[in-house]
Amino acid sequence: STKEKILQHFRKGIPLIDIRELPDVIEMHFKQSTPIPWSEFSERYFELPPQLETFGILASTREQAEFVSDNLRQKGWSISDAFVSDQDLWEIAKEEKIETEKGETIGQRLWHPCRLLEDKIDMIEKKVSNRIAIDLGCGSGRDVIYLANRGWSVVAIDNNKHAISRTHALAKRWNCDVKEQMNLIIKNDNNAFILNKKKNKNKDNNIVNNNNNN
């Protein structure tokens, strides 16, 4: 039954990706869920967990839930269950005291940086005093955001403007300025930007320009 499946899901701590559109997510969502709206899904595959990690789907309709879960399974992801947002589901959540909330949410970080970085970062941080890094070919920006969230200043560079755009969007979704953890500075040609740990909101920021005089 849906009740048994949703209870098992949360008891085991299995991640849940909410693919409903943001107005529905804001109205009500599971506290442990991560929103990736269906309208943005094809552009945000890089935010999914690694394929060896199991997760569930919460969709607006049964057709949508089945389509997305089948599609992801075909691509190699492991989907535990696909749930539909209906009155019965939210009544089960209320009855079983599964934590829900209203408002905007970023959810859990399900994506990972590259394995080498994740495995070696503690050792690296013990050996360096200035946490400054350059990511040449930053791609979707997972390594950049990961480092910046650990207090690094990171220069992200890529010759693909679409990659830079995705990195920029990922930084915004992780509420860099809202959480006052990082300050985003975009290069004029949009092919590079810097993520800095924010220190003082009143201080001027240094913009990275194309010419070498700055």
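Q: What kind of unit do β7, helix α6 and β8 make?
A: Together, β7, helix α6 (residues 142–149) and β8 make a right-handed β-α-β unit. Right-handed means that, with the strands pointing away from the viewer, the path from the first strand over the helix to the second runs clockwise. Helices here are DSSP runs of H or I with at least four residues, strands are runs of E with at least two, and both are numbered from the N terminus.

Q: Before I go on, what sort of model is this?
A: It is a predicted model, where local features need pLDDT of at least 70, side-chain atom pairs count only at pLDDT 80 or more, and totals for chains, interfaces and linings use all residues. Residues are numbered from 1 along each chain as its sequence is written, and side-chain values use heavy atoms, with hydrogens and water left out.

Q: Thanks! How many bridges link β7 and β8?
A: Strand β7 (residues 132–136) pairs with β8 in the parallel sense over 5 bridges; two strands count as paired if DSSP finds at least two bridges between them. Ile 134 has Val 155 in β8 as its bridge partner.

Q: And which residues of β8 are on the covered face?
A: Val 154 and Ala 156 are on the covered face of β8 (residues 153–157), while Ser 153, Val 155 and Ile 157 are on the uncovered one.

Q: OK, new topic: what is the strand order in the open sheet?
A: The order is β3-β1-β4-β5, with parallel pairing. Its edge strands are β3 (33–35) and β5 (78–84), each pairing on one side only.

Q: Where does helix α3 pack?
A: Helix α3 (residues 62–74) packs on the sheet and touches β4 and β5, its direction making about 175° with that of β5. Contact means heavy atoms within 4.5 Å; axes are lines fitted to C-alpha atoms, for helices over the stretch in contact, and angles run from 0 to 180 degrees between N-to-C directions.

Q: Last one: how many helices and strands are in the protein?
A: The protein has 7 helices and 10 strands.

Definitions and conventions
Buried means under 20% relative accessible area, exposed over 50%, partly exposed in between (1.4 Å probe, protein chains only).
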